Amino acid sequence: MFIFKFFKKKEPKTKSESNKVFYNEKDAIVIYLKCSKCGELFRSYLRKGYDLINDYDNNGFLIIKEYIGAKCPNRIHLHAILDRNYNLIEYTLENGELISKEEWEKGVEK
Ligand SMILES: [Zn+2]
């Protein structure tokens, strides 16, 4: 099991690692990921208000998702904690890895 943790940086000038992989769009959080077993690429739109779970304890949101690809039986588990402004606080991802939008676009062109 691999656990990746990124902590929100307070300095607004420096983009944290998390900003590269959790894209905050108007109505959704968009993430791109790759199956660590077969390399299949995924794009996931997590709609605000639908896919985000209210986390009253931390005054923010939780994301709990499972992805299963078409190419292999590997199950990818995502668990993420966001603050009220949809900034990523930390996440864990099992059996997969987050990639950038650019990597995803390059991958699907092939
Ligand atoms: Zn796979």
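## The E2–E3 hairpin and the pairings of E2

In this predicted model, strands E2 and E3 form a hairpin with five residues between them, and Gly39, which lies in the turn, has a positive phi of about 85°. The two strands pair in the antiparallel sense over seven bridges, E3 covering residues 41–47.

Four strands make up an open sheet in the order E4-E5-E6-E7, and their pairing is antiparallel. E4 (53–55) and E7 stand at the edges with a single partner strand each, so one side of each is left without a neighbour in the sheet. On average, and with direction ignored, neighbouring strands of this sheet are turned by 20° against each other.

Between E6 and E7 the antiparallel pairing extends over six bridges, and Ala80 is found opposite Tyr91 of E7. In general, strands of a sheet pair through backbone hydrogen bonds, in either a parallel or an antiparallel sense.

## The nonpolar core

The largest nonpolar core comprises 18 residues, and those with the most contacts inside it are Ile31, Ile63, Leu78, Ala80 and Leu98. At least two residues of this core are supplied by each of the strands E2 (28–35), E5 (60–68), E6 (75–83) and E7 (88–94), while the largest share, five residues, comes from E2.

Which residues does Ile31 touch, not counting those up to four places away in sequence? They are Val21, Phe22, Ser44 and Leu98. Of these, Leu98 is itself listed among the core residues with the most contacts inside the core. Ala80, which stands opposite Tyr91 in E7, is likewise listed there.

## An exposed loop residue

Ala70 is found in the loop between E5 and E6. Is this residue buried or exposed? Ala70 has 7 other C-beta atoms within 10 Å, and because a residue counts as exposed with 12 or fewer, Ala70 is exposed. In sequence Ala70 and Glu40 are 30 residues apart, whereas in space their C-alpha atoms are 8.2 Å apart.

## The chain overall and model confidence

The secondary structure of the chain comes to two helices and eight strands, and from the N terminus on the elements run α-β-β-β-β-β-β-β-β-α. Of the 110 residues of the chain, 18% count as buried. Among the contacts with a separation of 6 or more, 47% are accounted for by residues 24 or more positions apart.

The mean pLDDT of the chain is 86, and 81% of its residues reach 70 or more. Over residues 9–16, however, the pLDDT is below 50, and this stretch has four contacts in the model beyond near neighbours in sequence. Where pLDDT is low, the predicted coordinates should not be read in detail.

Definitions and conventions: Residues numbered from 1 in each chain as written. Predicted model: local features only at pLDDT ≥ 70, side-chain atom pairs only at ≥ 80, totals over all residues. Core = buried A, V, L, I, M, F, W, Y, C linked by C-beta atoms within 7 Å. Buried ≥ 20, exposed ≤ 12 C-beta atoms within 10 Å, placed from the backbone. Contact = placed C-beta atoms within 7 Å. pLDDT = per-residue confidence, 0-100. Pairing = 2+ DSSP bridges. Axes fitted to C-alpha atoms, helices over the stretch in contact; angles between N-to-C directions.
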